[in-house]
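Reader: I would like a close look at one annotated stretch, followed by its surroundings. Please keep to what can be computed or looked up.

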Amino acid sequence: MSKRKRPESNAPSDSLTDHERLIYDVIRSKQDMGIWTRDMKRELRVNLPDNIVTKSIKSLQNKSLIKEVVNIHSKGKKHLMAVEFEPSKEISGGAWYSEGSLDTEFIKVVKSQCLKQIIKLKVATLEGISDSIKRSGAFKVDLTKQQIEEIVRALVLDNQIMEVKSNGSGEFTNIPVGKVCYKNVSKGGGGGEPKTGSLASIPCGVCPQINICTPDGVISPKTCVYYTTWLDF
Amino acid sequence: MLTEYGTKHAVHVITNHFGDLVAKVCECLLRKGPLTRQNVKRYTELSDEQVKNALLVLIQQNCVQAFTTEQPDGFADGPKANTQYVVLFDNILHRVRFAKFLTILSQEFDQQCVELVQGLLEHGRLTLKQMFDRAKSSEKEGNLVDLDSLRETLVKLVTAHYVERCPASEPLLMPISEEEGPARKKGSKSAKKIGEPETIEQQVVEAALPMEAMRFSVVTNVESDVGEKEKNSNNVTPGEKRKHDVLELDECGVADEQSVVYRANFEGFIRRLRHKGCIDHVRAHLDDGAANVLSAMLQATSSAEKKVKTKNSVPLSLSSIYEEVIKSEAGRNMTLDHVRASLVQLGELSFVDASSDSYSIDFEKIIEIAQNEEVESVVSKRYGRDAYRIFRLLSKSGRLLETDKISDTTFVEKKDAPKILYKLWKDGYLLMEKLVVTGARQSQFLLWKVNRQILWKHVLDEMFHAALNLSLRVSYELDREKELLNLPADKRTGPLQDRYNRIRKVRILLESSQMKLDDAILLFHDF
């Protein structure tokens, strides 16, 4: 979870050279957005030679005043930030990113937990899923409502659950009429995999070359290697 | 507008069934639109006789319809009628479905009905006498054919709307005036949606159709006058005005049983296939109980359907539905509660609309979901799971979404999302728009969207392409093993037997794939 720390009012600055002070001020002014080294050089009021800048950055890092962070929009570029700040969502990618990449393991675990609770509850609202997960103690840190909503939306896109509206009766008793709920998809190929359609069941349906395939061309049904593999009995 | 592979597929079907010459004329009409015989001759560079014979074959087989239009003439002798020919693309597609039509019949009628329709499908159109002669020629001992029972069979099939009287040979197509336009489109049963302009093919088909009562009536008496005919004919409402160009009239103006021509009514079969498709879809999504309930609702309301692409079924009460459900063997074990529960399940998926204690099937919704699944399946298999989620997000949203928003919502890496989106766009699955925002710095954003109308046309073209490919591959494989297939069974030993086993499996796989793909073409083109 990203949390923004308030900058301390008395930053240690006595031991900084003029150059270091200049650079540190620019970086610190960007707060939780940080700044790319090249952009930072442009913002300096004086034109400092590269070697001075590099030396200053290294010194500031050694003094634990600034740190390097990953900007997911430009992972290769050196992005600097004052240590007292945590990278904002725009830089870090948000709760689901770790060091510039999607934390796929964490996402998988949360998805699996949400799905488990939905299956257990049979019909669940977002609040229901959230409470159920909290009670299960599956996570050390509480997930926010927004996080659960994002994961549940992704499960709908994966076709593992479906979104329905409560009609207030039957399995929707105790849920207000019109409230959005989620149910496990009863069928559908099993385990969220979509049932293979007719076109997708044949080589042409999944072929990346279909746009250049012609009846008598170099790529054609008669010469097609995908067909040959498919018909290799 | 026909797509490229729609045209190629249709031409291939005609070539397989009727040869290159007929196919050449057909292709000319498909690509150029309706033409006079002179123009067909000009474009195909065939002789007059060849063009005439090809057109006769295509008309006989219901793949082409002639029509006349009034050409205003500069000369004093008034407007001239000229005959043009238009291809009936849908009917060409139906030619690969004859086995499906006959299967439907065999589930509802006896063998004599199946054989009668088989004859109509094979020959395109027949009079009662021709049907009788055909039945006689394949008569088996102990199973003699008589005209009365054949006539009864014909009446059964016509009443069920699986057979119809042939349309007018050359109806006059009136030009649609500006004022008439929307009203005509609204009332037209062949317009796909209200507001969508009718194609010439649709206009001609509609102009040629006999009135409903005439279309589904069997002429039973010979050499009686018109008045008597009205009394004796089945299904004719007294006092209803007849179109004089509908009946095959002899010199005395009498409809002669011997000359009235009948053909298979494709619409009837397609409607039935649409129902069957919906039932199968419900069964796959829910269970047999829900499928039984839907089937019962269809049974009770299908006679009220005015056109194939009906949006909703006639509303029914719970008790009417239950009465119909328990009529079938499959539904006999269902309780009222069970039926009610199935209706709730169907309602949750919006397959059935429930209001004021009456229930109505939403065909459009069932078909829309089935179409979505078909396309999503292609996206998943061709582009991967991440692309599947992205596509579903854009398809559900129906509006433009920005790249970052897409990657956040679908949990796709920010560096991967643009690559996937670009690939989908390049292959015609997405639309893309650029948005430039000028502020402190100029930023460019890419927005993406699924446009169903454009995409569905593209997918249908891919299906026609795939159908053509399957057909070409079948011919190629069978051609390669032609000699082996002609070898007597006892000569097929060792590796020859292995090859024979392989070609059998290949044929079964390819032909069953063709049938399955045709179900998808029905879903996107006919349902």
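Over residues 10-68 of chain B, how much of the chain is helix and how much is strand, and how far apart are the end C-alpha atoms?

Author: Over residues 10-68 of chain B, 73% of the chain is helix and 12% is strand, with 25 Å between the end C-alpha atoms. Helices (H or I, at least four residues) and strands (E, at least two) are DSSP runs numbered from the N terminus. This is a predicted model, in which local features need pLDDT of at least 70 and side-chain atom pairs count only at pLDDT 80 or more, while totals for chains, interfaces and linings use all residues. Residues are numbered from 1 along each chain as its sequence is written, chains are lettered from A and ligands numbered from 1 in the order in which they are written, and side-chain values use heavy atoms, leaving out hydrogens and water.

The stretch carries the UniProt annotation "domain: RNA polymerase III subunit RPC82-related helix-turn-helix", from an unreviewed entry. Such annotations may be inferred rather than shown by experiment; their names are shortened and their positions follow the numbering used here. Another annotation from an unreviewed UniProt entry, "domain: DNA-directed RNA polymerase III subunit RPC3 winged-helix", covers residues 375-441 of chain B. There the chain is 60% helix and 15% strand, and 40 Å lie between the end C-alpha atoms.

The domain assignment (bounds from an automatic or database source) divides chain B into domain 1 (4-95), domain 2 (109-176 + 199-235 + 243-264), domain 3 (270-361), domain 4 (367-450) and domain 5 (458-526). The centres of domain 1 and domain 3 of chain B, taken over C-alpha atoms, are 42 Å apart.

Chain B as a whole has 24 helices and 12 strands. Of its 527 residues, 47% are buried (under 20% relative accessible area; exposed is over 50%, partly exposed in between; 1.4 Å probe, protein chains only). Among its contacts (heavy atoms within 4.5 Å) with a separation of 6 or more, 65% join residues 24 or more positions apart.

His525(B) counts as buried because its relative accessibility is 12%. Apart from residues up to four places away in sequence, it touches Phe89(B), Asp90(B), Leu93(B), Lys309(B) and Leu460(B).

In chain A, Ala82(A) sits in strand S3 (residues 79-82) and is buried, at a relative accessible area of 0%. Beyond four places in sequence, its contacts are Ile27(A), Arg28(A), Leu65(A), Ile66(A) and Lys67(A).

As for confidence, chain A averages a pLDDT of 84, and 90% of the residues score at least 70; pLDDT is the predictor's confidence in each residue, from 0 to 100. Over residues 188-192 of chain A the pLDDT is below 50, yet this stretch has eight contacts in the model beyond near neighbours in sequence. Where pLDDT is low, the predicted coordinates should not be read in detail.
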